[in-house]
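Student: I have a chain open on screen and a list of terms. Can we test each term against its cut-off?
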Amino acid sequence: MLRPMSLDATIPHRPLGLDAASIRDSILDHLEHVRVRDQHTTSRLDLFHAVSHAARARLADRWHRTRQREWDAGTKRVYYLSMEYLPGRLLRDALYNLGMLEATREAVASLGADLDAIFDEEEDPGLGNGGLGRLASCFMDSMATLGIGAVGYGIRYDYGIFRQEIHGGEQREQPDDWLKHGSPWEVPRTDLRITVRYNGRVEPRTDTTGRTQFAWLDTDDVYAVAYDIPVPGYKNDAVNTLRLWRAVPVREFDLDAFNRGDHDRSVVQRGYAENISRILYPNDAGPPGKELRLRQEYFFVSASLQDAVRRHLSRHESLDDLPDRAVFQLNDTHPALAVAEMMRILIDEHRVDWNRAWAITKRTFAYTNHTLLPEALETWPQHLLDKLLPRQLDLIREIDRRLRAELEAQYPRQPEKVGKMAIIEQRPQGHVRMANLSIVGSFSVNGVSALHSQLLRETMFPEFDAYYPNRFRNKTNGVTPRRWVLECNPGLSRLATDVVGDDSWVTDLEKLRALEPLAEDAGFQEKWSAVKRENKVALANRIREQHGVSLDPDAIFDIQIKRIHEYKRQLLNVLHVVTRYQEIKRGVIPAAPRAVIFGGKAASGYVAAKQIIHLIHSVADVINADPDVSPHLKVFYVPNYRVSWAERLIPAADLSEQISCAGQEASGTGNMKFAMNGALTIGTLDGANVEIREAVGPENIFIFGLTVAEVASTLARGYRPGAIYEERAEVRAVLDAIGQGAFSPEHPHAFEALMRHLVSDGERYVHLADYGAYCDAQREAERLYVDRREWTKRAILNSARMGRFSSDETIRDYARDIWGVPVA
């Protein structure tokens, strides 16, 4: 890291004006002196960068002040460690948070341009995939809005996860080159280079005091270079930092090799390093992919901890008080290596003895679990850790040895219990269980919905819950009302502000309770319905213009947008669509037309999920081309679904599909966004659906299907979906039509295996067991939709009662119960 120099003059940090004239001057200055454009050569992309830099310059004043306040006060800082973030486009968000949206709109209009068109020039940052990354971004927004000093740490991926293209109805992955035009929000800290080490060997040595120290030698090193992105709070003076690490080689270029004619070898180290931050979640079906995933996880953990410890020691003399000055929140198990890495930093670099180091570590980390799927709990083979991170494996083995000794003393003659709680599996070359490491190395473990937290304690980790009383707790997820109501639904925002009397609801969502008395008011219902229809028309226009599919704005907009996975049961939705198709072909016309909209990506190696995407497109092709059916039913799949699409889809939705198999979804946050925007939920009692039902009232949500206990009982008894297929003619008709090629006539067996799996005894997600109840709930929703006054009343009540699901409330709970930090 380069040492800062002292200037002879103070940098004045002069605040820039928020009026239209000042903003216009900033835009023109950037166009002329940075982009080197004039009135004849300026493009819309140039304007996007100029407007963004005008906003960033105004954020810089607040950014400076925020960092100085935190330094002067010495308050405890939150470090949020997440493998992914999904912030969405940043320009509009910055303008709202700065309170300069309308002034910027005026400034841009004076130049003959449209601000909304400029927003569309921005690429969605390719830093995340689904709910985990979007939650992290909501939390960062709320921490800034609540004035909590925080840094989010992650990786600056060159190409994100992938750009989804659809060819012949099938997903194809392409690089998501989100940085092809650069990002105006990044501040490269190229002087901040932190060494991250891999491979090598560990050699014990005895120091002058007779203590054994361990030297990690002959390592292959890379640099982590910091790129900072500002995270502004809403209309306050706080700007936090999202610090993303890019991997670069220690030795960029081997000139000797190049001059010898070995041109490929001259850049080998560059490729080795840069691959670490190339893409999010490389396919880990084979050993090279697994090794790259592990290198990624350690890379950002090591760089982040070294950075945080460096900052602490620049102000404080000892690391003993680190837990009083910093807390590290592990967002799932991806950053779990932080426990071992902190021990390495303390013991090897700062010569702290084991007991002190372990005491510091355990008081510094908190762990959020995000899954109930056993296969999603990360484990790593010891041989891979031994090769790539030998010192960390030594430390993990020692943590495990000491834990086993404690457990064997506590639970004599109970080897099964000890084995379940151990960090390393009790078998030759057993894997390292990262969830167990996170639990043992943290002072707090939380789930992300009441149901999920209960299942963590009772079914996944009951032994740990008994051994560590009060360590497990619940923190139900939330979403930021800034992006997910104020920004994406301006019509609803204006209504809310008119009713509340000001925009204070934006930071206190409970104030939307003021809508409740108006739920049955005819005049307010008319205004509400006008906003909803305007959103639906805008979405329908967008889909028609970009994809050539016409949707009726008066139809039920029935939307399921989420990562494609069998447990999320997009396939159940398809079965219902085919049921409706068959009914219409028999002359049974639905009471209301319906547009069923899907969106989401399948992991590149997930064959079944990709088949589901193919099936959806095949069904859509047949239905949309059938003149008997298409006036009553349409199907559309949003390609390359991302945050900017969600911001258009969610405000337009009538029906929100939250239909995961009960006991599989940890929480969900899409369910919250839809309900905040007045969509009615059709869903199972899974994840946060349980709490949404409590909040909005059971009469204002369509709940169906087996409960968690009933799913477990059904599977334990021996689930026989084949019997349902044989007994129910409508099930047979749907599965046979799909399996025998009715929707894939050119390839009649294309979906045979998918349908065969649905009737096999190994089907874990009880699609057919829930099929009848799901169809009944869909018919109930359709009947209600025809009663426009009753539907609108229930939609208003959904929005009014979702205050508890603001991420501001969630972060207040984290701050009070886990982090021990003040809230402004």
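Tutor: Start with charge pairs: the structure holds 71 salt bridges. The model is predicted, so local features need pLDDT of at least 70, side-chain atom pairs count only at pLDDT 80 or more, and totals for chains, interfaces and linings use all residues. Residues are numbered from 1 along each chain as its sequence is written, and side-chain values use heavy atoms, with hydrogens and water left out.

Student: What makes Arg189 and Asp228 a salt bridge?
Tutor: The term asks for a side-chain nitrogen of Lys or Arg within 4 Å of a carboxyl oxygen of Asp or Glu. The closest N and O atoms of Arg189 and Asp228 are 3.0 Å apart. Therefore the pair qualifies. Arg189 is in strand β5 and Asp228 in strand β8, 39 residues apart. Strands are DSSP runs of E, at least two residues; helices are runs of H or I, at least four; both are numbered from the N terminus.

Student: Why is Asp228 called buried, and Arg189 partly exposed?
Tutor: Buried means under 20% relative accessible area, exposed over 50%, partly exposed in between (1.4 Å probe, protein chains only). Asp228 has 1%, so Asp228 is buried. Arg189 has 22%, so Arg189 is partly exposed.

Student: How do you know that Lys793 is buried and Glu790 partly exposed?
Tutor: Lys793 has a relative accessible area of 18%, so the buried label applies. Glu790 has 21%, so the label is partly exposed. Lys793 and Glu790 form a salt bridge at 3.3 Å. Both lie in helix α32, three residues apart, about one turn of the helix.

Student: Why is the pair Phe464 and Tyr468 called stacked?
Tutor: The structure holds 18 aromatic pairs. Rings of Phe, Tyr and Trp (its six-membered ring) pair if their centres lie within 6.5 Å; planes under 30 degrees apart count as stacked, over 60 as edge-to-face and the rest as tilted. Phe464 and Tyr468 show 6.1 Å centre to centre and 5° between the planes, so the pair is stacked.

Student: What makes Tyr785 and Trp791 edge-to-face?
Tutor: Their centres are 5.2 Å apart, with 80° between the planes. Tyr785 is buried at 6%, and Trp791 is buried at 3%.

Student: How do you know that the charged end of Arg471 sits over the ring of Tyr468?
Tutor: NZ of Lys or CZ of Arg must be within 6 Å of the ring centre and within 35 degrees of the ring normal. The charged end of Arg471 is 3.6 Å from the centre of the Tyr468 ring.
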